[in-house]
Amino acid sequence: MKLWKKGIFFTMERENDTVSAVITDGEVIVATGEEEELRNQYHLEITEEIDLKGEIVFPGFVDSHLHLLWYGQSLARLNLNQAKSKQESLRKIREKINQLSPEEWLFVEGYNENEWQDDSTPITKTELDTLTTQHPLLVRRIDYHNVVINTALIDKIGLKDGQIYDGGGEIQLDLDGNLTGILKDEATNLAINAFPAATSEEQEKYLELAIEDLWSKGVTGGHSEDLHYFNGFEGTLQTYHDVIEGKEMLFRVHLLIHHEELHAYNRSNEIFLDGNPYIELGAMKIFYDGTVGSQTALMSQPYAGTNHYGLQVQKDEVFLNLIKAARKAKLPVAIHILGDRAFGKVIETLNEYPPLPGQLDRMIHTPWLNEELLKKAKSLPLVFDLQPQFMSSDLPWALDVLGENHPPLVFAWKSIKESGFPVAGGSDAPVEIPNPFYGIHAAVTRTVREGKTAERYFPEEELSVYEAISLYTTGSAIAGYKEDSRGKIKPGYISDFTILKQNPFKVKPEYLSKVEVSKTVVNGKIVYQKK
């Protein structure tokens, strides 16, 4: 047994509930209390002592919504998410092109025109063509719902002027019907799928990069949706086993099942997962609409200055059949929803076809709501999967994109919580950096993290520090159906800890994003320690 002593352990059972010592035995917390009493009781069984020297300990933080393999891939590729201008972005792409072999293809991640200080217009095909006419080039927007491609790639995949995409996406054309190089939502796959699929070795590398980075941020587990985009359901699931179990990179994953992989899930009969403490399957994932940044979130009012209401990825009949298929497979659903109109249409269907008793359907994102929608949803068994960083990243520009008739409840975390729904917190990495304290800072301060403006956006929806930390502890545990074994520091719960240098309850709110991780512990083992 291990004695973890001289720490301040926030148990997350109640606000301000702390102990100074914990006994663990492998994966399980055996006892909590004060050092002297635990030593007296377990002195014959203690084999190791860890002196935390006053550091702050929480249950292991779990990111309730991210894409682990995509995140690792984004760490391995050229990524523009930190670029501060269009010129810097184009310069970085040009530098990468200069390193390519003849006719090599290039896939660039993470561009975000809303963060640029010189020019907030999206990258265009024309600009990419000035960089290269030889190398097929794709630049993916940070929200993963929009890509821009150059003429070389357009020619490779055979797109034509005037071409219309039949489905939940768009091949964008200019007023003359010519290709702009921009593809949205499902249409992005026309270009993405033309790139060579990642090998098993590359997938393992991506997952290793993601896990190591998340450990450094104090994250011990994540709810991820990867099982469709790489090597199919079984092949990608095997990657998780090969890395987490085979290479002993301890990390707890709760994997959503993309709706197109439901047949593979049914065929597998969960043979991969029986009793696995690190890898489990969750709800069936469905995309209902897009994003505000790509003007594809389905809204009840048109986008500012347009007659455009967004995009419904799943037509009504298709969506209904997907819900029926999930229920037949005895699964809850996890639905990507950005727009208020999308939310209203979704809950109408869920009200007709609820999940099994004890299951919760997962509402992912839901940043734009109104009180009537929350009232209509109140009788449904839902958990809200929220991304607080989106508020910090998306406001104020999203208010400009939507216009003055935007829905009145904006990133309404307090309203959702007070309506009685459990709430969990995630980052949607690689869309955002998966640092839980970036999300906690946004949830508490309702401000932009980088300090571009001092404005507090819709402060009536702020959370307390305790409520914000709960998103990543007890909230994520509820979303993963592990509230009786995870998310608290309590006997019988798992021995996963996030250990901090500063006490977030004593840090000024504006400095919450600066809280530092000292150690990350999974299964009673220190997997990361800051040097």
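Leu68, Leu69, Tyr71, Gly72, Gln73, Leu75 and Ala76 of helix H2 are in contact with Gln203, Tyr206, Leu207, Leu209, Ala210, Asp213 and Leu214 of helix H7. By residue class, this contact of H2 with H7 comprises 10 nonpolar residues, three polar ones and one charged one. The model is a predicted one. H2 covers residues 68-76, and its axis lies 7 Å from that of H7, with an angle of about 90° between the two. Angles of 65 to 115 degrees count as roughly perpendicular, and H2 and H7 are therefore roughly perpendicular to each other.

H7, residues 200-216, also meets helix H8, residues 232-246; their axes come within 9 Å and cross at roughly 55°. H7 and H8 are therefore oblique to each other. The crossing of H7 with H8 is right-handed. On the H7 side the contact is made by Gln203, Glu204, Leu207, Glu208 and Ile211, and on the H8 side by Gly235, Thr236, Thr239, Tyr240, Asp242, Val243 and Ile244. This contact of H7 with H8 divides into five nonpolar, four polar and three charged residues.

Next come the sheets. An open sheet of five strands is ordered E9-E10-E11-E13-E12, and its pairing is mixed. Its edges are strand E9 (106-111) and strand E12 (169-173); each has a single partner strand, so one side of each is left without a neighbour in the sheet. On average, neighbouring strands here are turned by 20° against each other, direction ignored. Helix H3, residues 86-97, packs on this sheet and touches E9 and E10, and the direction of H3 makes about 160° with that of E9. Within the sheet, strand E10 (residues 137-141) and strand E11 (residues 146-149) run antiparallel and are joined by three bridges. Arg140 has Val147 in E11 as its bridge partner.

At the E25 end, strand E24 (residues 517-522) and E25 run antiparallel, joined by four bridges. Val521 stands opposite Ile526 in E25. The hairpin formed by E24 and E25 has two residues between the strands, and Asn523 in its turn has a positive phi of about 60°.

H16, residues 436-445, is mostly covered, with 10 of its 10 residues buried. Those residues are Pro436, Phe437, Tyr438, Gly439, Ile440, His441, Ala442, Ala443, Val444 and Thr445.

Buried means under 20% relative accessible area, and Ala443 is buried, its relative accessible area being 0%. Leaving aside residues up to four places away in sequence, Ala443 touches Pro388, Trp413, Glu462, Leu463 and Ala468. Ala443 and Ala468 are 25 residues apart along the chain, and 6.1 Å separates their C-alpha atoms.

Thr366 sits between strand E18 (361-365) and strand E19 (368-369). Is Thr366 buried or exposed? Thr366 is buried, because its relative accessible area is 2%. Apart from residues up to four places away in sequence, Thr366 touches Ile337, Phe343, Phe384, Leu386 and Ile416.

Key
Residues are numbered from 1 along each chain as its sequence is written. This is a predicted model: local features need pLDDT of at least 70, side-chain atom pairs count only at pLDDT 80 or more; totals for chains, interfaces and linings use all residues. Side-chain values use heavy atoms; hydrogens and water are left out. Axes are lines fitted to C-alpha atoms, for helices over the stretch in contact, and angles run from 0 to 180 degrees between N-to-C directions. Angles under 35 degrees count as roughly parallel, over 145 as roughly antiparallel, 65 to 115 as roughly perpendicular and the rest as oblique. A crossing is left-handed if the near helix is turned anticlockwise from the far one by less than a right angle, and right-handed if clockwise. Contact means heavy atoms within 4.5 Å. Ala, Val, Leu, Ile, Met, Phe, Trp, Tyr, Cys and Pro count as nonpolar, Asp, Glu, Lys and Arg as charged, and the others, Gly among them, as polar. Buried means under 20% relative accessible area, exposed over 50%, partly exposed in between (1.4 Å probe, protein chains only). Two strands pair if DSSP finds at least two bridges between them.
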